[in-house]
Amino acid sequence: MPLKIEEVRNIAHLARLQINDSDVEQYTNELSKILAVFEQMKTHDTTGILPMAHPMDATQRLRPDVVNETNQRDKFQAIAPDIEQHLYRVPKVIE
Amino acid sequence: MTTTIKQLQQGLAEKQFSSVEITQDYLNKISQQNAEINCFISVTDELALQQAVDADTALANGTGSVLTGIPIAHKDIFCTDGVKTSCGSKMLDNFIAPYNATVIEKFNQLGAVMLGKTNLDEFAMGSSNENSYYGSVANPWDRSRVPGGSSGGSAAAVAARLAPGATGTDTGGSIRQPAALCGITGIKPTYGRVSRYGIVAFGSSLEQAGPFAHTAEDCALLLQSMSGFDPRDSTSVDQPVPNFSDNLNNGIAGLKIGLPKEFFADGLDADVAKVIESAIAEFRKLGAEIVDISLPNMDLSIPVYYVVAPAECSSNLSRMDGVRFGHQCENPVDLEDLYKRSRSEGFGDEVKRRIMIGTYALSAGYYDAYYLKAQQLRRLIKQDYVKAFEQVDVILCPTTPEVAFKHGEKTDDPVNMYLQDIYTLSLNLAGLPGMSIPAGFSQAMPVGLQLIGNYFEESRILNAAHKFQQATDWHLQAPEVK
């Protein structure tokens, strides 16, 4: 089922990507082609098959809740695009 | 002329040369050839020479290890403290990693020398290295052709003899496919064998790091250095690591090698098939028993992979928000504009396509039909292998359906590009180890042979590969230096 242009705009919004009007048709075609490949999955019955999330079926390992890393704020913020008084600066969020 | 890591080790031990001398020699070759091959994004020459000086001191004091003073190139996906880690993306063009990946830390502790960071498809998404922000990489055998991807820079660097070994990551074939297309040896270990800590994440349930080198013997050595449980990686598996070099020389008489009929069917280039058949004959001569097997669900690996990998990528790449690190757009009007423009300017086309596919597959109303279904089918793919390994010790097939293709040949058709990985993807879905070794030539281009092992049985495929390399010299063939 090919995607509609509006669907692609919505997917791009959900993914926080800006797609130019001039490119939206091309993305729609390409994504539709990829989705067409997925149709093949429908031909196999998977009733009762447990989904596989990890090749060894391992579960998330837990660790004791103790501090084991030191604060490296200055090092991490040195590579941030926009810092002021040790804070990450973004456009105004609350009106 | 092929110089292996083993030979460099011997030379260093016997004081035929120093680490500074060989490091300088590789750096000279890189500076002469990198402009054309474009396999390095960053050459860390000052750091390399400093590490080489330290290595020579350690060797002189008798405190060296097996890799002390050996120059290595690292895929630019491993975080390297204080060194640009771009992941082939404009998004991370200004990203100086603030810490080392565990793999890098391990090489540093062993005294290895880092020559530089190699080119790759952006965020490891691609099979031709044409998706890099830093330009495509030339295949050293024929510069009009691609080196494969995503670890195309690492494979090309080793093939061009600009490094004796290199690291890569493999999410769907990204070590094995470029190794095949560049005529070198590369291994992807079992999922969980090598720490993923500090590797820029793309497909968390699929990817593993591994080495490239000229020989299986060198790969065993490099993989040894990379492997081991790491509490900092929640996907790391706590399994003992055997000495991968111990069994290399064992005879392989009686080794049961399975040939899955699905990997020798339509779509396989006839010339490539001939090369693989000669290699099978060679294994027979070495005493291996060849068994026909079937992996009936392999036709599903392309759709399943291209649901699961993009789903994981859309989630992993959501951290690239233009706020904490990486590219930020100019003069954002509001937060949404900041996110959207930073991401759209920072990511290339293939990355955007995969993020959108993944977002769609995970979105409300489609989750069951795509993601859940794919994860169920993934189990069928794994079960095929589990059953096969009840019958055989090792599985053999071509690594790729054809030899390296021309630049631009497949860029207009993403689905056609995805077919490149048809023989490699299923191992990542199942989490199995696999390697590619040179098996001959077609159209004067190298052909790769894939050996697949059971879980945590890297030693077995390394052994089979080593015995093959003792009997053949395909792995020692080098492209002409232009």
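**Figure 1. B:Asp25 in helix H2 of chain B.** In this predicted model, B:Asp25 sits in helix H2 (residues 19-37) of chain B; helices (H or I, at least four residues) and strands (E, at least two) are DSSP runs, numbered from the N terminus. B:Asp25 counts as partly exposed, with 13 C-beta neighbours inside 10 Å. For reference, a residue is buried if 20 or more other C-beta atoms lie within 10 Å of its own, exposed if 12 or fewer, and partly exposed in between, with C-beta atoms placed from the backbone. Look across to B:Leu162 as well: B:Asp25 and B:Leu162 are 137 residues apart in sequence, and their C-alpha atoms are 9.1 Å apart in space.

The model is predicted, and local features need pLDDT of at least 70, side-chain atom pairs count only at pLDDT 80 or more, and totals for chains, interfaces and linings use all residues. Residues are numbered from 1 along each chain as its sequence is written, while chains are lettered from A and ligands numbered from 1 in the order in which they are written.

**Figure 2. B:Leu181 and its surroundings.** B:Leu181 belongs to helix H6 (residues 176-182) of chain B. B:Leu181 is buried, having 34 other C-beta atoms within 10 Å. Leaving aside neighbours within four places in sequence, the contacts of B:Leu181 are B:Asn139, B:Pro147, B:Gly148, B:Thr400, B:Val403, B:Ala404 and B:Pro446; two residues are in contact if their C-beta atoms, placed from the backbone, lie within 7 Å. B:Pro438 is 257 residues away from B:Leu181 along the chain, with 8.9 Å separating the two C-alpha atoms.

**Figure 3. The nonpolar core of chain B.** A nonpolar core is a set of buried Ala, Val, Leu, Ile, Met, Phe, Trp, Tyr and Cys residues joined through C-beta atoms within 7 Å. The largest one holds 163 residues, and those that touch the most other members are B:Ile72, B:Leu115, B:Ala156, B:Ala157, B:Val307, B:Val394 and B:Leu451. Helix H9 (residues 301-316) of chain B gives the most to this core, with nine residues. To follow one member, B:Leu451 touches B:Val394, B:Leu396, B:Gly434, B:Met435, B:Ile437, B:Ile461, B:Ala464 and B:Ala465, not counting residues up to four places away in sequence.

**Figure 4. Helices H9 and H11 of chain B where they cross.** The axes of H9(B) and H11(B) come within 7 Å and cross at roughly 100°; axes are lines fitted to C-alpha atoms, for helices over the stretch in contact, and angles run from 0 to 180 degrees between N-to-C directions. That makes H9(B) roughly perpendicular to H11(B). Angles under 35 degrees count as roughly parallel, over 145 as roughly antiparallel, 65 to 115 as roughly perpendicular and the rest as oblique. From H9(B), B:Val307, B:Pro310, B:Ala311, B:Cys313 and B:Ser314 meet residues of H11(B) including B:Arg354, B:Ile355 and B:Leu362. This contact of H9(B) with H11(B) comprises eight nonpolar, three polar and one charged residue, where Ala, Val, Leu, Ile, Met, Phe, Trp, Tyr, Cys and Pro count as nonpolar, Asp, Glu, Lys and Arg as charged, and the others, Gly among them, as polar.

**Figure 5. Chain B where it touches chain A.** The contact takes 54 residues from chain B and 40 residues from chain A. On the side of chain B, the elements giving two or more residues are H9, helix H10 (335-346), helix H11 (349-362), helix H12 (368-391) and helix H13 (414-418). H12(B) gives the most, with eleven residues. The residues on this side of chain B divide into 31 nonpolar, twelve polar and eleven charged.

**Figure 6. Backbone details in two loops of chain B.** In the loop between strand S3 (113-118) and helix H5 (152-159) of chain B you will find B:Ser150, which a cis peptide bond joins to B:Gly149, with omega about 5°. B:Ala124 is found in the loop between S3 and H5 too, and has a positive phi of about 65° although it is not a glycine. B:Ala124 counts as buried, with 30 C-beta neighbours inside 10 Å. B:Ala444 lies in the loop between strand S10 (434-442) and strand S11 (445-453), and its phi is near 60°, a positive value in a residue other than glycine. B:Ala444 is exposed, with 9 other C-beta atoms within 10 Å.
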